[in-house]
Amino acid sequence: MTVSANYDAIAQCNKCGFCHVACPIFRATGHESGVARGRLALLRGIIENRIEWNDELEDPLFTCLGCGACTTNCFGSVPTADLVLNARSEYFDKVGKKPAHRLLFEHLLPYPKRLHLAARTAALGKNSGASKLANALGLLRIFGRDLPRAEGIVEKLPMSSFRGTTKPGVYEGEGKDLKIGYFVGCGVDVIQVETGKATFESLKKIGKSVTVLDNCCCGLPPWSYGDIENTKVLAEKNLKIFAETDVDVIVTDCSSCASFLKEYKKVYKDDQQKLELVEKTRSKIRDVVEFLHASEFGESGDKAKEVVDSYHDSHAVGTDAVQKVVSKDGKAIVTYHDPCHAVRGQGIQSESRELLKSLPNIEFREMAEADWCCGGAGSYALTHYDLSQKVLDRKIDNLKKTEADILVTSCPACMIQLAWGIRKHGLKTRIFHISEMTSYKESVVA
Ligand code: SF4
Ligand code: SF4
């Protein structure tokens with residue numbers, strides 16, 4: 001779809017400026033071009049032939065985090081993130097894609113084995129200091145001007161991916177009758193491996209079986225860049241796997257993946273056949289937060305109760321680490337960061353708090369602007385390092401005020417960005433995925 005086809009939606013903006021207060025990029029830069037009103041004015045200029053397609057559009061089009069906060073604050077609910085994303089797609093057609101995008105979206109993300117190999121190579125390079133050499137030689141610059149600086153965000157990379165040790169396949173569980181599919185997001189697979197282990201061990205306690213899916217990337221990275229073609233390649237591979245796998249529910253511990261898997265209908269809005277398949281699988285997709293919350297507080301029936309009981313029985317990998325922090329003086333202050341794809345993408349907000357408040361020896365302390373983007377936004381920090389750091393610094397300032405011992409979230413990309421912020425600011429706060437937190441409960445009660 002071209003920018004012109006969205007003229008009506010773009011023209012909905014009445015220029016009131018209420019979006020300014022909510023936009024993390026505007027709050028960091030103060031530039032009109034960084035806020036919804038400015039971005040929509042730009043799109044209107046393109047449609048009215050006052051602005052030409054050229055690479056000067058890259059910054060205003062690609063600095064949007066896609067966080068959706070402007071829409072929440074807009075009386076007309078103008079969907080700026082979607083409109084900008086759509087314009088990115090036309091930008092690629094008219095101005096061209098970068099080699100790094102092609103490498104990532106066309107040659108790595110559709111193939112988990114290649115991604116594992118690339119991650120292993122990166123781990124070898126990083127952990128041995130070779131990436132510093134590559135940086136010094138300027139080799140990393142082929143990925144963009146900011147990647148060499150952003151390279152420090154991840155402290156250390158695991159040598160083996162989650163699915164390198166836990167191969168895709170069916171694993172026996174201890175539960176009675178729930179067949180669970182575990183969708184492993186790229187972040188958990190190659191970086192947050194400990195989170196993957198915690199979730200997997202817990203799911204095995206719950207389900208009669210757990211199928212570690214041989215899925216590829218959910219497609220959100222190319223989608224966020226407006227690369228619809230490569231999004232379809234990824235979505236199609238995943239839909240085939242979902243259709244061929246006999247499971248009752250598909251759980252993922254990445255809120256971004258969960259949100260996007262539920263939104264595959266956006267990708268196929270003109271393809272009725274695919275839409276039917278999307279609808280069939282959509283009802284099975286669960287963010288691990290809503291899965292646990294529905295089990296503990298919401299859904300009726302013994303099965304749901306049994307699910308959560310067995311989940312809390314588990315002693316996942318993260319349990320010991322959580323316990324060390326909590327047992328410091330018997331009580332830990334815990335706060336929560338809402339990933340954009342959980343709070344605005346799926347409407348999940350109170351569930352995470354209720355789960356955390358139900359944990360023993362914990363004082364939950366709400367953080368100001370908890371639902372503001374952390375600046376991670378997928379690979380945003382790799383391409384717009386300075387802006388991403390400004391957004392992150394604001395988040396860390398808010399975190400400091402809570403004096404929290406533990407920061408919890410449910411998105412691996414947010415975890416990476418927030419961990420970097422904590423390190424950079426020299427805080428002692430530890431960060432955990434909500435899977436690790438909930439699995440800690442029974443170990444304390446026992
Ligand atoms: S709040 Fe909505 S209508 Fe008002 S300027 Fe921002 S995008 Fe336009
Ligand atoms: S989606 Fe987020 S970053 Fe983009 S204009 Fe809206 S508030 Fe700003």
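A residue counts as near a molecule when its C-beta atom, placed from the backbone, lies within 6 Å of it. Keep that in mind for the first view of this predicted model.

View 1. Of the 16 residues around ligand 2, Cys23, Cys64, Leu65, Cys67 and Cys70 come nearest. Four helices each give at least two residues to this shell: H2 (24–29), H3 (36–47), H5 (69–72) and H6 (80–95). Sorted by class, the shell around ligand 2 holds twelve nonpolar, three polar and one charged residues.

**View 2. An open sheet of five strands.** Follow the strands across in the order S1-S3-S2-S4-S5, and you will find mixed pairing. Strand S1 (169–172) and strand S5 (285–287) are the edge strands; each has a single partner strand, so one side of each has no neighbour in the sheet. On average, neighbouring strands of this sheet are turned by 30° against each other, ignoring direction.

**View 3. Strands S2 and S3, with a helix on the sheet.** Here S2 (residues 179–182) and S3 (residues 209–212) pair in the parallel sense over four bridges. Look for Lys179, which stands opposite Ser209 in S3. Helix H13 (residues 193–206) packs on the sheet and touches S1, S2, S3 and strand S4 (249–252). The direction of H13 makes about 170° with that of S2.

**View 4. The packing of helices H25 and H26.** H25 (residues 385–402) and H26 (residues 412–424) pack at an angle of about 70°, and their axes are 10 Å apart. Angles of 65 to 115 degrees count as roughly perpendicular, so H25 is roughly perpendicular to H26. Their crossing is right-handed. At the contact, Leu392, Lys395 and Ile396 in H25 meet Gln417, Gly421 and Ile422 in H26. These contact residues divide into three nonpolar, two polar and one charged.

Key:
Residues numbered from 1 in each chain as written. Chains lettered and ligands numbered in written order. Predicted model: local features only at pLDDT ≥ 70, side-chain atom pairs only at ≥ 80, totals over all residues. Nonpolar A, V, L, I, M, F, W, Y, C, P; charged D, E, K, R; others polar. Pairing = 2+ DSSP bridges. Axes fitted to C-alpha atoms, helices over the stretch in contact; angles between N-to-C directions. Contact = placed C-beta atoms within 7 Å. Parallel < 35°, antiparallel > 145°, perpendicular 65-115°, else oblique. Left-handed = near helix turned anticlockwise from the far one by under 90°.
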